[in-house]
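Hi,

Here is the structure I said I would pass on to you.

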Amino acid sequence: MRTTDLRHRSASQLTRVRNLGILAHVDAGKTTVTERILYLTGATHKRGEVHDGTTVTDFDSQERDRGITIFAAAVSCVWDGHRINLIDTPGHVDFSDEVERSLRVLDGAIAVFDAVAGVEPQSEAVWRQADRHAVPRIAFVNKLDRAGADLDAAVSSIRERLHTVPLVVQLPIGQEDEFIGVVDLLRMRALTWRAGGDTYEEGPVPEALREEAERRRRLLEETVAELHPTALEEFCERSTLSARTLTGALRELTHSGEGVVVLCGSAYRNCGIEPLLEAVVAYLPSPLEVPPVRGTHGGAEQEREADEAAAFVGLVFKVNSTSTGRLTYVRVYAGTIEKGDAVLDVGARRSERIGRILRVQADRHAEMDRAVAGDIVAVIGLKAARSGATLCAPAAPLLLEPPTAADPVVSVAVEARRRLDTDRLASALTRLVEEDPSLTVRTDPETGQTVLSGMGELHLEVAVEKIRRAQGLDVGVGRPQVAYRETVVRGVSGLVYRHVKQDGGAGQFAHVVLDVEPLETGTEGFVFRSTVTGGRVPQEYIRAVEAGCRDALAEGPLGGHPVTGLRVTLTDGATHSKDSSEMAFRTAGRFGLREALRASVMALLEPVVEVTVTVPDDAVGAVLGDLAARRGRVSDQTARSGTAVVTATVPLAELFGYASRLRSRTQGRGTFTTRADGYAPASVSGGTPA
């Protein structure tokens, strides 16, 4: 009975929880929307402004300096008895991985659009991300007070570019600078906001807008009836839809993704935020209304309901190191956790203990005794859990699918300017990658450089600046050195090398004759063979010559780069009964091949990659021209549904900065992937290109 009561209470509480994110292109106003939500719900007592650097969610110093959201920030507030856990996500393409990790743990989202620009490149990208995660959305067309604002044009771009059915439930009152409110098309009431006011006034629809409001209400009913069977029945019987039927149908269409409810306003002027909050409660799902979380255990797939009485399972979606400790952000899908509980990191097979549980308000936190299904919280005490880790009750393990991390596309070399700071930099980079899985760090085995890779130049710039500010390190940043190779174009035959050394005691003697020739075109590596006959060079000495030749391959004559793509043949040799040894023949092989390479015609090779670029049709010409300027060779070009896919082979050295260039040439709509494609002759022979 007690378990039944607990589950009943848990279900009742969960219906009043909304876990949602704010998605948008950079500068569409999503952070301002978040600030107004926090202010109207009483979570803050002063309206924060992006231009003043006073927002709650953009609390990082770099965010305030740059005026953009860089890191996903979680906040919590209460509206009409509903707990709203909100994540303000970045809008810049370089930080799309933050959006990906956030969408993985959200039940719904508000997509914010600029009323002047409509659907912009990154708003289209985050919409596709939400599609992949099947996250229900409502839309908010912001900035209706701006010159050139046009709700109908913005709605058309939503329909055409996002391929969804917009269900517009409001009509603006006034245009541009005279925008003062909206007509609620469901209740057919006018909502107006006084300048600088915190509340709205409700009244009848202005006479000048009544006919247009009735037309739009009719259009909304017809559109909903086409999509929703129950609404269609009522519409056929009564030629209209009741507000109750319309609200229920809009909710179900939002959950299924068949349509998107569209509201409008101006967050900066405080217009339209209350109806937006009411739409969040009315149309977006609670944790009980989304499918149960699915995972695997013992090779079998299992589900776990969003139930406070179930066994605990949660997903880590963000890790942040602060001055007060390591914060691990967790979405609780099922069960309950309390301070002091032991949890299992399923992927790492490691037991951890919950030290403290915090309700997160951006950079501020309120301590909680426990967290239950549906909560998004931060915990302190976990030592090793990484982003994407599944935490669960030790007695009921379940492994959830982690968020996918995109492959890095841009790299820079980083180094501490003071040798004494090298270890500190290594520790700082480790923490950085722990916090942001879309960053990778590696040591180039050939150049010895520490290479930091990420999603774009801004992404890497922010990461390096974070190290500088947090650790006080003087960090140097530069392009990584490309790992060039050297190869033989035309070799030599019969090169004789005689190694004789006599310095008292046992001497050294080795006599070798070498042929050097290139391998087949495009073939890398090194082939050694011996054609010596009659035992003139014993087998153990032949192996020593091969080892010496391999030593010589480490540095070629052009620029000291590794040598590849050649065949060396030992054709003859001679030994001394006392002074010959494996060491002597290894030395002869090393110096003999070096001499042979200096006598050969050599060429410099550079690494090339196969680049696949996907761009809109109208940007193909600019992209092809840019690839040609980067010494790219186009191998394939195909068209598909308004986009072109171009495949080309491009020198790796020419790809630095390509991500930003492609975005600028395609207005952020172009994407590319790369695949290593070996080596090709460099454009400059006889030395390393500048």
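Predicted model: local features only at pLDDT ≥ 70, side-chain atom pairs only at ≥ 80, totals over all residues.

Residues are numbered from 1 along each chain as its sequence is written, and side-chain values use heavy atoms, with hydrogens and water left out.

**The whole protein**

The C-alpha trace spans about 110 × 60 × 50 Å along its principal axes. There are 16 helices and 37 strands; these are DSSP runs numbered from the N terminus, with helices being H or I of at least four residues and strands E of at least two. Of the 690 residues, 53% count as buried. Buried means under 20% relative accessible area, exposed means over 50%, and partly exposed is in between (1.4 Å probe, protein chains only). The accessible surface comes to about 30,600 Å², and 48% of that belongs to carbon and sulfur atoms; the areas come from the Shrake-Rupley method with a 1.4 Å probe, and for residues only the protein chains shown count as cover. Now take the contacts (heavy atoms within 4.5 Å) with a separation of 6 or more: residues 24 or more positions apart account for 71% of them.

**A covered strand**

Next, go to strand β22, residues 376-380. Five of its five residues are buried. Ile 376, Ala 378 and Ile 380 point one way, while Val 377 and Val 379 point the other way.

Which strands pair with β22? One is β15 (residues 325-334), antiparallel over five bridges, with Thr 328 opposite Val 379. Another is β19 (residues 356-361), antiparallel over three bridges, and there Leu 358 stands opposite Ala 378. To count as a pair, two strands need at least two bridges found by DSSP.

**A four-strand sheet**

There is also an open sheet of four strands, in the order β26-β27-β25-β28, with antiparallel pairing. β26 (440-443) and β28 (475-478) stand at the edges with a single partner strand each, so one side of each has no neighbour in the sheet. From one strand to the next the twist averages 30°. β26 pairs with β27 (residues 450-454) over four bridges, and Val 441 has Leu 452 as its bridge partner in β27. Helix α12 (residues 457-471) packs on this sheet and touches β25 (410-416), β27 and β28. The direction of α12 makes about 125° with that of β27. For these angles, axes are lines fitted to C-alpha atoms (for helices, over the stretch in contact), and the angles run from 0 to 180 degrees between N-to-C directions.

**Stacked rings**

A search of the whole structure finds four aromatic pairs. Rings of Phe, Tyr and Trp (its six-membered ring) pair if their centres lie within 6.5 Å; planes under 30 degrees apart count as stacked, over 60 as edge-to-face and the rest as tilted. Tyr 541 and Phe 585 have ring centres 4.8 Å apart and planes at 15°, so they are stacked. Tyr 541 lies in helix α13 (residues 539-552) and Phe 585 in helix α14 (residues 582-599), so the pair ties together parts that are 44 residues apart in sequence. Tyr 541 and Phe 585 are buried.

- Glu 221 is in helix α7 (residues 207-227) and is buried, at 3% relative accessible area. Its side chain makes a polar contact with that of Thr 240 (3.1 Å). A polar contact is a pair of N or O atoms within 3.5 Å; within protein, one must be able to donate a hydrogen and the other to accept it, and residues adjacent in sequence count only if both atoms are side-chain atoms.
- Asp 145 is in the loop between β5 (137-142) and α6 (151-162). It is buried at 16% relative accessibility, and its side chain makes a polar contact with the side chain of Ser 266 (2.9 Å).
- Pro 166 lies in strand β6 (residues 166-168). The C-alpha atoms of Pro 166 and Gly 259 are separated by 5.9 Å, although these residues are 93 apart along the chain.

Cheers
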